[in-house]
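Me: I'd like to go through this one with you before I set anything up. Can you show me what we have?

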Amino acid sequence: MPGWNATHIPDQSGRSAVVTGANSGIGYVTARELARRGASVVLACRSAARGRAAAIRLRAEVPGAQAEFMPLDLADLASVREFAAGYAQRHAALDLLINNAGVMALPYGRTADGFETQFGVNHLGHFALTGLLLPRLRAAAPGARIVNVSSGFHVLGRIGPADACPAGSGLADPGGEHGYRRWIAYGRSKTANLLFTHELSRRFTAAASPITAVAAHPGYASSNLHSGASKLEGPTLNSRVAALGNAVLAQPTSSGALPTLYAATAPGVRPDAFIGPRFGWRGAPVRSWRAGWTLDDASGELLWAASEQLTGVSYAALPR
């Protein structure tokens with residue numbers, strides 16, 4: 001695994017992939033490198049203008065690439081359902097689902113369905129999307145994978161039974177209505193990504209499903225996620241420090257995408273693995289440390305039940 005880079009991606013010819021948030025940053029690099037190795041890629045993006053431009057750019061950078069844009073707004077469950085239905089009409093199977101899109105450290109806000117924005121976009125939107133695309137993943141040849149992109153910042157927010165969590169960090173308050181803190185909310189959404197991966201893996205194993213669910217994080221990568229958070233804060237000391245960190249310390253997006261690409265394509269990746277940079281914030285992809293609560297079965301079941309209730313998406317083929 002040490003030294004692994006994009007040239008080590010196995011041939012992806014004949015495989016299909018959906019990458020959310022693929023119009024820029026790590027998502028774009030992920031889609032481009034999968035297409036470079038022969039995959040047919042759908043760029044699932046909120047902005048039609050940016051999504052179409054990204055698809056055109058990708059095809060210019062990778063002549064002969066099979067890449068198309070499809071609209072997807074993870075902050076609106078109606079859009080998620082429309083995307084899944086549209087994909088099912090146009091594609092018989094799905095080999096790789098890369099749940100990459102996300103928002104970070106936003107001021108308090110709500111999605112179209114009334115959920116706190118970070119929890120709604122980063123977790124609930126992807127939970128619904130995965131469930132709705134599950135029939136196409138099951139239709140793919142053995143080797144289908146789901147990659148949920150989390151973050152080292154998951155340590156900031158725990159999810160579990162309300163009496164075991166700090167106020168505002170558990171599902172007793174999924175919308176962050178009480179004492180909202182943007183970074184805690186972000187950490188909670190990233191913990192949700194890992195708990196979702198854990199519970200999904202457990203259910204796939206119980207169902208003897210050949211689909212593999214794994215997680216990844218980019219470390220400290222220069223991306224629109226960091227710059228967007230800085231812009232929201234305005235010209236403050238924190239935003240200047242963040243900008244300096246992006247310029248001096250952050251690895252490029254081409255490196256930040258490697259853990260996701262490894263998780264999606266490398267042989268022998270185990271279910272529920274968490275892949276990140278070797279040194280935590282940069283380096284070649286390796287198995288990454290994760291907080292113990294992201295491996296807790298009870299918390300995973302709690303999150304799963306709440307997510308099905310909140311989204312209205314049931315994984316009927318994957319019982320407890």
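Me: Let's start with Arg32; where does Arg32 lie?
Reply: Arg32 lies in helix H1, which covers residues 25-36, and please keep in mind throughout that this is a predicted model.

Me: Is Arg32 buried or exposed?
Reply: Arg32 counts as buried, because its relative accessibility is 15% and the cut-off for buried is under 20%.

Me: OK, and which residues does Arg32 touch, leaving out those up to four places away in sequence?
Reply: Arg32 touches Leu58, Glu61 and Val62, and with Glu61 there is also a polar contact between the two side chains, at 3.4 Å.

Me: Switching to the backbone: what is the phi of Ala105?
Reply: The phi of Ala105 is positive, about 55 degrees, although the residue is not a glycine. As background, most residues other than glycine have a negative phi.

Me: Where does Ala105 lie, and is Ala105 buried or exposed?
Reply: Ala105 lies in the loop that runs between strand E4 (96-99) and helix H4 (117-139), and with a relative accessible area of 1% the residue is buried.

Me: What about Asp272, what is its phi?
Reply: Asp272, also not a glycine, has a positive phi of about 70 degrees. Asp272 is placed in the loop between helix H9 (258-265) and strand E7 (274-277), and Asp272 counts as buried because its relative accessibility is 13%.

Me: Now the surface. Which residues make the nonpolar patch?
Reply: The nonpolar surface patch is made by Phe153, Val155, Leu156, Trp183 and Trp289, and its area is about 480 Å².

Me: Take Trp289 from that list; where is its place, and does Trp289 count as buried or exposed?
Reply: Trp289 sits in the loop between strand E8 (285-287) and helix H10 (297-311), and Trp289 counts as exposed because its relative accessibility is 62%, where the cut-off for exposed is over 50%.

Me: Last topic, confidence. What pLDDT does the chain average?
Reply: The chain averages a pLDDT of 88, and 84% of the residues score at least 70.

Me: Where does the pLDDT stay under 50?
Reply: One such stretch is residues 163-170, where pLDDT stays under 50 and for which the model has 17 contacts beyond four places in sequence. Residues 226-239 also have a pLDDT below 50, and beyond near neighbours in sequence this stretch has 17 contacts in the model.

Methods:
Residues numbered from 1 in each chain as written. Predicted model: local features only at pLDDT ≥ 70, side-chain atom pairs only at ≥ 80, totals over all residues. Heavy atoms only, no water. Helix = DSSP H or I, 4+ residues; strand = E, 2+ residues; numbered from the N terminus. Buried < 20%, exposed > 50% of the residue type's maximum accessible area, 1.4 Å probe, protein only. Patch = residues over 30% accessible without salt bridge, like charges linked within 9 Å, V, L, I, M, F, W, Y side chains within 5 Å. Areas by Shrake-Rupley, 256 points an atom, 1.4 Å probe, with all protein chains shown as cover. Salt bridge = Lys/Arg side-chain N within 4 Å of Asp/Glu carboxyl O. Polar contact = N/O pair within 3.5 Å; in protein donor to acceptor, adjacent residues only side chain to side chain. Contact = heavy atoms within 4.5 Å. pLDDT = per-residue confidence, 0-100.
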